[in-house]
Amino acid sequence: MDKKKGVFQRSLDGIETVGNKLPHPVTLFAILALLVVLLSAALAPLGISVEHPGEEGEMVEINNLLSADGIQYIFTSMTDNFIGFAPLGVVLVTMLGIGVAEHTGLISAVLRGFVLAVPNRLITAGLVFAGIMSSVASDAGYVVLPPLGALIFAALGRHPLAGLAAAFAGVSAGFSANLSLSATDAMLGEMTIDAASIIDPAYAETMNIAMNWWFIAVSVFVLTFIGAWVTERVVEPRLGKYKGEKTEDLEGLTSVEKKGLVWSGVALVIGLILTLLLIMPENAPMRGDDGGIVQSPFMDSLVPVIAALFFIPGLVYGKITKVIRNDKDVANQMTDTMASMGMFIVLAFTAGQFVAFFSESNIGMVLGVYGAEFLQSINLSGIPLILLFILIAAFINLFMGSASAKWAMMAPVFVPIMMQLGYSPELTQMAYRIADSTTNIITPLMTYFAIIIAFAQQYDKKMGIGTLISVMLPYSIYFLIGWTIVLVIWMLVGIPLGPGSSILY
């Protein structure tokens, strides 16, 4: 049987086998934290030292975490390492607001209403666009848009799996593109800032979580075009005419849902106006000391602002649709949201230890200096360096689906290396986000992969992992190539990636 499989299918089988043998991310970070401790004990006696890249003449040595001082640090800092893990508070606060909008049905109604309002000739692009934009609501798009896309395509006489694929590509492969900021920007941004502080704490203090905003906003339109083109020119022709049972017509929004959307939209506009009043007037309270906005209390407060801009419309929508009748309903919805974050909280504990141990040991700084020297010695820099990094991150993503988990491991190593070579942490983060997003749809280890297969099997009982990957692979390839080309052009022109975020360090 194996002999009949092609090279590609055998490669996918190998990836799945290897990936399934990896421990759970919680266990993986615990193992990595232990390895850092042991590695620091092994390297410290060797007297390895490097010159601090941010402080001329200051030498940095590896700290032994198994020494008396090191052991004291491990035990006394454990709680602080957990509480101080950068993404923990950021994600939880953001999800409090998003959770209310999701549980009241606002997010589902917005996505459904948007797709239904798009003309038939633009429906493919509309699906991809809605999928990309759904990343602002974290993972909600995964369970709403793919089955909706299949239903829409079937109702239009097109192959439902093509609609599912278009939506899945937008939601997952375009996860790091959006017109607005999301929890992903906050989560990855805090890790990048922490990693940058290893080399240059002063520079890290000038960074903000909106560091990739301009680039990800432009990326929305690029990926929407690519996704629609791949669907209509590659995927649909390959799937052929759908011969399954006729599906029911797509239901529109109810009058109550429409009323809820109108009033939640009014609430959002009011919220945006109030937000602008905090920053636009010359003496606005959320401006910086110099009157600027890029470095200001407002930029430091984006997380609660984003949470509020989801919470308030969600609350209004819930009241209109009677999903929320009193404060207990709101509390229960927020509680359910936090309950769903249980795995992330546990992951934050072990990941927090790894990140803190890695920083305290100084291994990251030493690796950064030596890594930069190595890359300089082989004359690998500029665009070839970024391309290599994207390929490395994309490969790792096939085995480890969590964007935050991977970046928690990679940022302390690659951000310092890139900084040593003159490239900003903001650029390194964006390159990582491209690689991480585009290969999500072709790895069985992605959290929602099995759910997508279940959706697809409603239209094709024989749908399996290999079939789904073969459908999604064209999106992954074209998204990766197209998105990388945009980044290369961005680098060549030298456009800031976001507010106060340059290409070069």
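This is a predicted model: local features need pLDDT of at least 70, side-chain atom pairs count only at pLDDT 80 or more; totals for chains, interfaces and linings use all residues.
Residues are numbered from 1 along each chain as its sequence is written, and side-chain values use heavy atoms, with hydrogens and water left out.

**Cavities**
- The count comes to two cavities of 30 Å³ or more, a cavity being a set of points, on a 1 Å grid over the protein atoms alone, where a 1.4 Å probe fits but cannot get out.
- A volume is the space filled by probe spheres set on the points, which are joined across faces, edges and corners.

**Largest cavity**
- The largest cavity has a volume of about 40 Å³, and its lining (residues with an atom within 4 Å of a point) includes Phe-29, Phe-85, Met-191 and Ser-404.
- Helix 16 (342–361) and helix 19 (403–420) each give two or more residues to this lining, helices being DSSP runs of H or I with at least four residues, numbered from the N terminus.
- Helix 16 provides the largest share, four residues.
- The lining residues divide into nine nonpolar, one polar and no charged.

**Second largest cavity**
- About 30 Å³ of space lies in the second largest cavity, which is lined by Leu-161, Leu-164, Ala-165, Met-463, Leu-468, Val-471 and Met-472.
- Helix 8 (160–173) and helix 22 (465–493) are the elements that give two or more residues to the lining of the second largest cavity.

Note on methods:
On a 1 Å grid over the protein atoms alone, a cavity is a set of points where a 1.4 Å probe fits but cannot get out, and a pocket is an open set with protein on both sides within 12 Å along at least five of seven lines; lining residues have an atom within 4 Å of a point. Ala, Val, Leu, Ile, Met, Phe, Trp, Tyr, Cys and Pro count as nonpolar, Asp, Glu, Lys and Arg as charged, and the others, Gly among them, as polar.
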